[in-house]
Each structure stands twice: as structure tokens, then as C-alpha cells.
Amino acid sequence: MSSKIEVQRICQYCKKEFTARTTVTKYCSHKCNQRAYKAKKRSEKVEKSISETRKKKKQPIEQLKAKEFLTVREVSELLNCSVRSVYNYIENGTISAVNLGQRMTRIKRSEIDRIFD
Ligand SMILES: [Zn+2]
């Protein structure tokens, strides 16, 4: 006599009712098991990429703080404003910058600290 048991369970992936042979079976089929596994892996990947993006976003600010001269883009990142705004600040004299040529505007880091004084 077989000791096999049969339990009605709900598949955690497709939500269909199925007959399981053990009380711990989570999925109705190998396919659902695989799909659930893949979905889990995918969400792990997405989470990893989100946290990596956060890290990357955070890193530059730390790096920028250590730099002596900044580009307009870097200043916009530091001030959390648009590149256009930085050019406006330069034009109206809020920030002094040195123009070394096309796309070569440099702003001294100390300038940024100064405007907040
Ligand atoms: Zn299923």
C-alpha cells in the first residue's frame, strides 16, 4: 500500500487549484515552478540594478566634493538644478566661472561653497 498523500493546494504562481503529493508543494507544475523561479530571479535583478543605480548616483557627489574644478554639469548635480540654471548663474554673476573654450567652462569648487555663505 502506497503512503502517497494527495492534498488540494493552490499554485502560488498561476493560482490554480491542484493536487499535490506533499504538503509543501507550492506549484502545480514544473513549468509554474520554473516561471516563479525566473520571476523571482528577475525581480532580484531589478532590485540589484536599482540599488546599483542609487549607488552610482550617490558616488559622484562624493567625488565632486573632492574636486577642485567642476564642469557646468557637475555643478548642476551638486546644486541639484539644471545645466541651464548654472549657465544663468554664471551669466548673472552668481557663480564666477572660467571659460577655457567651447564646452570648457570650469567653476572652482570653492565658488559653490562661497555662494552659500
Ligand atoms: Zn501553476
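Let's start at Y13: setting aside residues within four places in sequence, Y13 is in contact with Y27, C32, R35 and A36, where contact means that the C-beta atoms, placed from the backbone, lie within 7 Å. Before going further, a word on what you're looking at. This is a predicted model, in which local features need pLDDT of at least 70 and side-chain atom pairs count only at pLDDT 80 or more, while totals for chains, interfaces and linings use all residues. Residues are numbered from 1 along each chain, as its sequence is written.

Back to Y13, then. Y13 sits in the loop between β1 (7–10) and β2 (17–20); helices (H or I, at least four residues) and strands (E, at least two) are DSSP runs, numbered from the N terminus. One of the contacts, R35, is 22 residues away along the chain, yet the C-alpha atoms of Y13 and R35 are separated by 7.6 Å. Y13 counts as partly exposed because it has 18 C-beta neighbours inside 10 Å. For that label, a residue is buried if 20 or more other C-beta atoms lie within 10 Å of its own, exposed if 12 or fewer, and partly exposed in between, with C-beta atoms placed from the backbone.

The loop between β1 and β2 also holds K15. K15 has phi near 65°, a positive value in a residue other than glycine. With 9 C-beta neighbours inside 10 Å, K15 counts as exposed. Its C-alpha atom is 9.9 Å from that of C32, 17 residues apart along the chain.

Now zoom out. The protein is split into domain 1 (1–54) and domain 2 (67–117), with bounds that come from an automatic or database domain assignment. The centres of domain 1 and domain 2, taken over C-alpha atoms, are 53 Å apart.

Next, the nonpolar core. The largest one has eight residues: L70, V72, V75, V86, Y89, I95, A97 and I107. Such a core is a set of buried Ala, Val, Leu, Ile, Met, Phe, Trp, Tyr and Cys residues joined through C-beta atoms within 7 Å. Two or more residues of this core come from each of α2 (72–79) and α3 (83–91). I107, one of the core residues, touches F69, L70, V75, I95, A97 and I112, leaving out residues up to four places away in sequence.

How do α2 and α3 pack? They meet at an angle of about 105°, with their axes 8 Å apart; axes are lines fitted to C-alpha atoms, for helices over the stretch in contact, and angles run from 0 to 180 degrees between N-to-C directions. So α2 and α3 are roughly perpendicular to each other, given that angles under 35 degrees count as roughly parallel, over 145 as roughly antiparallel, 65 to 115 as roughly perpendicular and the rest as oblique. In this contact, V72, R73, V75 and S76 of α2 meet V83, S85, V86 and Y87 of α3. By type, the contact residues come out as five nonpolar, two polar and one charged. Here Ala, Val, Leu, Ile, Met, Phe, Trp, Tyr, Cys and Pro count as nonpolar, Asp, Glu, Lys and Arg as charged, and the others, Gly among them, as polar.

S76 is worth a click. S76 lies in helix α2 and is partly exposed, with 18 other C-beta atoms within 10 Å. Apart from residues up to four places away in sequence, S76 touches C81, S82, V83, S85 and V86.

S96 is in the loop between α3 and β4 and counts as exposed, with 12 C-beta neighbours inside 10 Å. S96 and I115 are 19 residues apart in sequence and 9.7 Å apart, C-alpha to C-alpha. R103 lies in the loop between β4 (97–99) and β5 (105–108). R103 isn't a glycine, yet has a positive phi of about 60°, and with 9 C-beta neighbours inside 10 Å, R103 counts as exposed.

How values were computed:
Contact = placed C-beta atoms within 7 Å.
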